[in-house]
Amino acid sequence: MNALAVSPDARTARLGGFALAVAAIAFVGVFSYLAAAFDYPDVLDGRAADVLPALLATGATGRAVWAVYALLPLLLIPGSVGAYAALHRASDGAARLGLALALVSAVAMVLGLARWPTVHWALAETFVTADPTGRAVLAAVFDGLNRYLGNFVGEFVGEVGMYGFFTATAYAVRRDARFPRWFGPAGLTVAAFGAVAMFRNVTDLVDPVSEVTNGLLPLWLLVLGLGLARYGTRPEVATTARATTTRPAAPQPS
């Protein structure tokens with residue numbers, strides 16, 4: 001039997017890679033639905049008087065899609081475990097850091113996204129029947145939740161963890177001879193775009209970078225996932241630092 005088939009690290013890397021690939025595909029599907037049905041992500045800058053009735057109008061389907069969207073970041077956890085299994089022999093420190101940052105990202109993003117099918121949904125149900133004074137209070141709660149759970153926790157903290165995970169993984173990949181040479185620089189490039197896009201809530205100057213990153217994020221999740229499943233499951237004997245060279249054996253005296 002092939003040793004790869006029974007290698008725990010290989011199995012974990014493969015499952016983690018598939019988790020990231022599923023997350024990428026599901027993200028595109030959910031994002032596309034919300035863009036068409038809810039004007040997402042532009043709606044995030046809207047007023048409570050416009051956004052809450054529109055949220056309620058998406059009905060049970062819209063609420064279910066938001067619930068799925070809120071759970072998608074949890075796939076980062078098995079994905080990062082798979083990355084650690086594949087890369088810890090090449091760079092244990094970077095692989096561990098990536099694992100920790102992905103966990104932070106997953107929790108932060110879930111907290112940020114889960115407000116839509118839960119707290120915001122309850123606010124929307126109350127808003128449509130509230131008097132002007134009540135609506136003003138609900139709008140203040142809505143704005144506060146958006147800034148704290150949305151802009152800061154979900155987006156900023158979540159993306160710091162996400163792009164930190166990409167950076168740590170890219171560093172480890174550069175020390176792993178099983179992966180193509182372009183893999184590490186590609187991951188660092190995506191992380192660099194993400195690091196700039198994280199400040200879109202601070203300045204409009206980074207909006208063009210943010211738009212590009214919206215496409216790069218699912219693409220790199222898919223590439224990283226498939227890369228872990230393909231290259232990260234190769235025999236461990238092939239895992240060597242790229243800088244390592246083999247010196248010819250010294251001639252023996254006759």
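E155 sits in helix 7. This is a residue of a predicted model. Its relative accessibility is 15%. Buried means under 20%, so E155 counts as buried.

Which residues does E155 touch, once its neighbours within four places in sequence are set aside? The contacts are L44, G150, R200 and N201.

## Helix 7

Helix 7 covers residues 132–174. It has 43 residues. At 1.5 Å a residue, helix 7 should span 63 Å. The C-alpha atoms at its ends are 59 Å apart, which agrees with that value.

Helix 7 also has a bend. The angle is about 30°, and the bend falls at N146.

## The largest pocket

E155 is also part of the largest pocket's lining. The volume of this pocket is about 1200 Å³. Its lining is made of 43 residues. Nearest the centre lie Y40, P41, L44, E155 and R200. Two of these names return from the contacts of E155: L44 and R200.

Several helices give two or more residues to the lining. They are helix 1 (8–38), helix 3 (59–71), helix 5 (92–113), helix 7 (132–174) and helix 9 (207–230). Which helix gives the most? Helix 7 does, with eleven residues.

## What lines the pocket

How does the lining of the largest pocket divide by class? It has 21 nonpolar residues. Eleven residues are polar, and eleven are charged.

Conventions:
Residues numbered from 1 in each chain as written. Predicted model: local features only at pLDDT ≥ 70, side-chain atom pairs only at ≥ 80, totals over all residues. Heavy atoms only, no water. 1 Å grid on protein atoms, 1.4 Å probe; cavity = no way out; pocket = protein on both sides within 12 Å on 5 of 7 lines; lining within 4 Å. Points joined across faces, edges and corners; volume = space filled by probe spheres on them. Helix = DSSP H or I, 4+ residues; strand = E, 2+ residues; numbered from the N terminus. Nonpolar A, V, L, I, M, F, W, Y, C, P; charged D, E, K, R; others polar. Buried < 20%, exposed > 50% of the residue type's maximum accessible area, 1.4 Å probe, protein only. Contact = heavy atoms within 4.5 Å. Expected span 1.5 Å × (residues − 1). Bend = angle between axes of the 7 residues up to and from the residue.
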